[in-house]
Amino acid sequence: MSLTETAQQIRRRDLRIPLGAILLVIALTAPFIGSRYVTHSLIIALIFMLPAHGLNLLVGYTGLLSLAQAAFFGIGAYTAGLLAVTYGTPFYVNVVAAGLAAGAIALPLGIPALRLRSTSFVMCTLGFVIIGQAIAKNWISVTRGDMGLSSIPKPHFALGPLSFTVSGTMGFYYLALAIGALATLAVWAIVRSPAGRNMIAIRENETLAESVGIPTWRYKLIVFMISAVFAGVGGSIYAHYLTVVSPLTFQMYYSTTMLIIVLGGGAGTISGVVFGSLLFVGLTEALRITPELRMIAYGLCLLALVFWFRQGFAPLINRFWNAIGGAK
Amino acid sequence: MTGLPILEIKNLRKSYGAVKAVNDVSIHINRGEIAGMIGPNGSGKSTFFDCSTGLAKPDTGTVKLDGQDITGWSLNRIAREGRMLRSFQKTVVFKSLDVEENLIIAGQMFTFPSLWSTFGLGRMSRQRVSGLRERARELIKMAGLWDVRHQPAGNLSGGQQKLIQFASMLMPDPKLILLDEPMAGINPKIIERVVETILYANKSLGVSFLVIEHNIDVVTSICQRVIVLDQGQKLVEGLPQDIIQDQRVREAYLGG
Ligand SMILES: Nc1ncnc2c1ncn2[C@@H]1O[C@H](COP(=O)(O)OP(=O)(O)O)[C@@H](O)[C@H]1O
Ligand SMILES: [Mg+2]
């Protein structure tokens, strides 16, 4: 009796490894399986996953609702675009600079904003997006206003005599996949660290967290800056992928999309954000061919979220994962 | 040094609008002492705690902890640097986290040398956390929470949550613990357990206490000295047996 049980358990536990392997193979071969349009959608999903990861640290782990991600996304896109167009700096320099710029700007914005109470804080972060767009539109000598920046070069890598340019959709997919994987790993490291535990403590009960010596205000500021770095990096990749940046990069629509990814996928879980990015961005991008349907589908998703998946897909993913893992 | 009080509060005042919640109270707690604080509801006991521990800012007055002026320090700094910890009248725990995680969190800021070091995942960091986990397990055993250590704290009874809160305060080596009605609303078995733990922490770990408590039996059995507040002012202080005989104290409770 116990022998067969053990055997069954072993057989069931094995399922997680093959599934993981299948997912990995799909991720690595996706551009060969799907059409170019699907690959494009996946790239956009991978790019949006970055600000969503950052937002998840803020909303899901620290309990701070923010709509500022699009502002930092835009700052990252413009930083990368301006550097590339004006100084011809290479891709990786632009990505790092965009992350740092967004993180640095988050500091003076975060200091006053984080003093506000939760609802005022949300309104304030919404203001950042609107101000960002106004600056991008009106500071014409630098941003070229509504014309935006164009002919941002595709990523170019030079290593000694070796050099290559990532120009095709397929190449860009692998670049975005690598960056997305690194970002996911980074979030995992932050969440697993003792600081991640302190963030959760702040989310659960700020006063109690204070009373056990956690400097909550400083943590919130640091997480706000980290979330901006993720958004800035995402924006820079967006700029290099589309090769154009316009004031429309600063859009409320982007902030809400990022929020839907986090809440829909499952705030406070990493797999939820990965899944959420693929689902929501993939869906809206894929439905772009029929714009009317697209907004309706988007709305239906929102309704489904509110009525059936209050905690996003994370509980479903967990249940599925545990089920195939043979866990009770 | 032993003659110096661990906590010395002078002329503390705090008003909420027209209400003088704490009106010029001065007290001290001796090193190694368990002091009690009693007084009718609304007499300003919790407000006095809030102002002493940095949760609220006193209007005037000074707070000296172990000879150091800590007036105006934030709640987290007083906890971390002063090692003066407090509980809340309305029990709070990190609800969705299990008992063990609750205690680990309570010890982290005392184990990691800086805020930045808490972002580490290296060997040093892992060692620190496993040290905390060991200590957490000892305290969990002592508090009688071993069987529920992996359950979310929010699922446990009010009494068990009080024990979590109390055990959490023992995670660092505290100098002084302020308890706000630790026995309120819990069953006699757990009251006994809390009393035992207070006495253990006091005798073996050398922790001083200031305890707000309505249960007069508990107060007389564990406190060496009792301070009575009434309408924001200190009415009287003295030995527990003298306090319960005191006419003014009886009037304060009866008069409301
Ligand atoms: N945050 C607050 N805002 C306004 N009034 C308060 C606040 N906290 C306490 N008070 C008032 O201060 C007085 C003392 O309350 P409290 O310190 O809670 O007394 P106790 O703990 O002795 O029951 C009460 O009249 C109460 O209503
Ligand atoms: Mg009270």
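B:Thr197 is buried in this predicted model. Its relative accessibility is 6%, which places B:Thr197 below the 20% limit and therefore among buried residues. The residue sits in helix α6 of chain B, which spans residues 188-204. Neighbours within four places in sequence aside, B:Thr197 contacts B:Met142, B:Phe166 and B:Leu170.

B:Cys51 has a relative accessible area of 3%. For B:Cys223 the relative accessibility is 8%. Over all chains, the count of disulfides is zero.

Chain B also meets chain A. The contact draws 30 residues from chain B and 26 residues from chain A. Together the two chains bury about 2,400 Å², and 68% of this area lies on carbon and sulfur atoms. One salt bridge is found across the interface. It joins A:Arg197 to B:Glu101, with an N to O distance of 2.8 Å. On the side of chain B that touches chain A, the elements giving two or more residues are α2 (75-82), α3 (99-111) and α4 (123-142). Helix α3(B) supplies the largest share, seven residues. By residue class, this side of chain B holds 20 nonpolar, six polar and four charged residues.

Side chains of opposite charge can pair when their charged atoms come close. In chain A, A:Glu206 pairs with A:Lys220, and the closest N and O atoms are 2.9 Å apart. The partners are 14 residues apart and link distant parts of the chain: A:Glu206 belongs to helix α10 (residues 206-211), A:Lys220 to helix α11 (residues 216-242). A:Glu206 is partly exposed, at 34% relative accessible area. A:Lys220, by contrast, is buried at 8%.

In chain B, B:Lys175 forms a salt bridge with B:Asp66, the closest N and O atoms lying 3.0 Å apart. B:Lys175 is in the loop between α5 (158-169) and β7 (176-180), and B:Asp66 is in the loop between β4 (60-65) and β5 (68-69), so this pair ties together parts 109 residues apart in sequence. B:Lys175 is partly exposed, at 29% relative accessibility. B:Asp66 is partly exposed too, at 23%. Another salt bridge of chain B joins B:Lys10 and B:Glu8, at 3.7 Å from N to O. Here B:Lys10 is partly exposed at 43%, and B:Glu8 is partly exposed at 25%. A network of salt bridges links B:Glu33, B:Arg225, B:Lys234 and B:Glu237.

How values were computed. Residues are numbered from 1 along each chain as its sequence is written. Chains are lettered from A and ligands numbered from 1 in the order in which they are written. This is a predicted model: local features need pLDDT of at least 70, side-chain atom pairs count only at pLDDT 80 or more; totals for chains, interfaces and linings use all residues. Side-chain values use heavy atoms; hydrogens and water are left out. Contact means heavy atoms within 4.5 Å. Buried area is the accessible area (1.4 Å probe) that two parts lose on being put together, summed over both. A salt bridge is a side-chain nitrogen of Lys or Arg within 4 Å of a carboxyl oxygen of Asp or Glu. Helices (H or I, at least four residues) and strands (E, at least two) are DSSP runs, numbered from the N terminus. Ala, Val, Leu, Ile, Met, Phe, Trp, Tyr, Cys and Pro count as nonpolar, Asp, Glu, Lys and Arg as charged, and the others, Gly among them, as polar. A disulfide is a pair of cysteine sulfur atoms within 2.5 Å. Buried means under 20% relative accessible area, exposed over 50%, partly exposed in between (1.4 Å probe, protein chains only).
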